[in-house]
Amino acid sequence: PAPEKLRAVLNLLEAWSALVTFKTTGTLAPEAWGLLAPDSIPGWVHNALQAETPLRAAFTQPISVHIPSLLEGMLLLYFVAQRAGQVISTQLVNAPLERPGVYYRVIFSTGEAQAPYGRRGELENRFDPQKPEDWNTAVQLRVAHDLLAMNRAQFTLQNNKKTGQQALAAYFQPTERLAVSAITAPAAISTPQTALSTPSDAGEDSTEQPLSKPPSRSRRGPQPTAWRGQPPSE
């Protein structure tokens, strides 16, 4: 519908404006931040994310974010997952009790014809920079990372060894753990290049790693048991 498309465009403009400000100054004004709760996610976002399955918003603690940029980052991860494989589920749920916070996950499967993406950039290499559609997807992945980094999220690729499913995931710390000083830019906005360690209780079922940069154009509820991989403790 036209009203939903207009809201999506306005949200996109707000997200990009904030990202440009953040990249330029390293900070956003305190009033730019807000609390996102399950019942505050706009209907147009739910509609945009339900091509395969409805968004499951089941987290119990609001998260402090720049809402327009977070919503845009959620959409971009969803679009990337659609190109990477078959989307199984989209979730915004509580992290495990031992690691309080919220996870946004787009769970997808590459199917039987292709092995799951591994730990060293196979996902990014899936997109051929010489093909316009693939290059666009690589750019979406990079922009999604920057939008989520601006929202102080840890952005990873999770693997489920039992099912072969994977997830583009973003972890958000509990609101009470974010000091006022955390409103400024994190130490680095670029994607980490080293793998995140997997906690000792992750078992054999899942692994998790950060995503590296996409190629440049010149080259061109409780967390389910199976997704126990999580960012390392601070």
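Is asparagine 11 buried or exposed, and what is its relative accessible area? In the predicted model described here, asparagine 11 is buried, with a relative accessible area of 7%, a value that falls under the 20% cut-off used for burial.

Of the 234 residues in the protein, 49% are buried.

Two packed helices are described by the angle between their axes and by the distance between the axes. In these terms, helix α3, which covers residues 67-84, packs with helix α5, which covers residues 132-150, at an angle of about 145 degrees, and the two axes lie 8 Å apart. The crossing in which α3 passes α5 is left-handed. On the side of α3, the contact is made by Ser69, Leu70, Glu72, Gly73, Leu76, Leu77, Phe79, Val80 and Arg83, while α5 contributes Glu133, Asp134, Thr137, Gln140, Leu141, Val143, Ala144, Leu147, Leu148 and Met150. When the residues of this contact between α3 and α5 are sorted by class, 11 are nonpolar, four are polar and four are charged.

Helix α5 also packs with helix α1, which covers residues 2-25, and in this pair the angle is about 70 degrees and the axes are 10 Å apart. Because an angle from 65 to 115 degrees counts as roughly perpendicular, α1 is described as roughly perpendicular to α5. The residues of α1 that make the contact are Ala15, Trp16, Ala18, Leu19, Phe22 and Lys23, and those of α5 are Val143, Asp146, Leu147 and Met150. The contact of α1 with α5 has eight nonpolar residues and two charged ones, with no polar residues.

One of the residues in the contact of α5 with α1 is Asp146. Aspartate 146 belongs to helix α5 and counts as buried, because its relative accessibility is 6%. Although aspartate 146 and leucine 19 are 127 residues apart along the chain, their C-alpha atoms are separated by 7.8 Å, and Leu19 is among the residues that α1 brings to the contact with α5.

A further pair is formed by α1 and α3, whose axes come within 8 Å and cross at roughly 110 degrees, so that α1 is also roughly perpendicular to α3. Here the contact is made by Asn11, Leu12, Glu14 and Ala15 of α1 together with Pro68, Ser69, Leu71 and Glu72 of α3. By class, the contact of α1 with α3 has four nonpolar, two polar and two charged residues.

It is in this contact that asparagine 11 takes part. Asparagine 11 lies in helix α1, and its C-alpha atom is separated by 7.7 Å from that of serine 69, a residue 58 places away along the chain. When residues up to four places away in sequence are not counted, asparagine 11 touches Trp44, Pro68, Leu71 and Glu72. Of these neighbours, Pro68, Leu71 and Glu72 are also listed among the residues that α3 contributes to the contact with α1.

Buried residues are found in loops as well. Phenylalanine 59, in the loop between β2 (55-57) and β3 (63-65), counts as buried because its relative accessibility is 3%. The C-alpha atoms of phenylalanine 59 and leucine 92 are separated by 6.3 Å, while the two residues are 33 residues apart along the chain. Arginine 99 is placed in the loop between β4 (86-94) and β5 (102-109) and, with a relative accessibility of 4%, also counts as buried. From arginine 99 to proline 174 the distance is 9.3 Å, C-alpha to C-alpha, and the two are 75 residues apart in sequence. Arginine 152, found in the loop between α5 and β6 (154-160), counts as buried at 14% relative accessibility. The phi angle of arginine 152 is near 60 degrees, which is a positive value in a residue other than glycine.

Technical notes: Residues are numbered from 1 along each chain as its sequence is written. This is a predicted model: local features need pLDDT of at least 70, side-chain atom pairs count only at pLDDT 80 or more; totals for chains, interfaces and linings use all residues. Side-chain values use heavy atoms; hydrogens and water are left out. Axes are lines fitted to C-alpha atoms, for helices over the stretch in contact, and angles run from 0 to 180 degrees between N-to-C directions. Helices (H or I, at least four residues) and strands (E, at least two) are DSSP runs, numbered from the N terminus. A crossing is left-handed if the near helix is turned anticlockwise from the far one by less than a right angle, and right-handed if clockwise. Contact means heavy atoms within 4.5 Å. Ala, Val, Leu, Ile, Met, Phe, Trp, Tyr, Cys and Pro count as nonpolar, Asp, Glu, Lys and Arg as charged, and the others, Gly among them, as polar. Buried means under 20% relative accessible area, exposed over 50%, partly exposed in between (1.4 Å probe, protein chains only). Angles under 35 degrees count as roughly parallel, over 145 as roughly antiparallel, 65 to 115 as roughly perpendicular and the rest as oblique.
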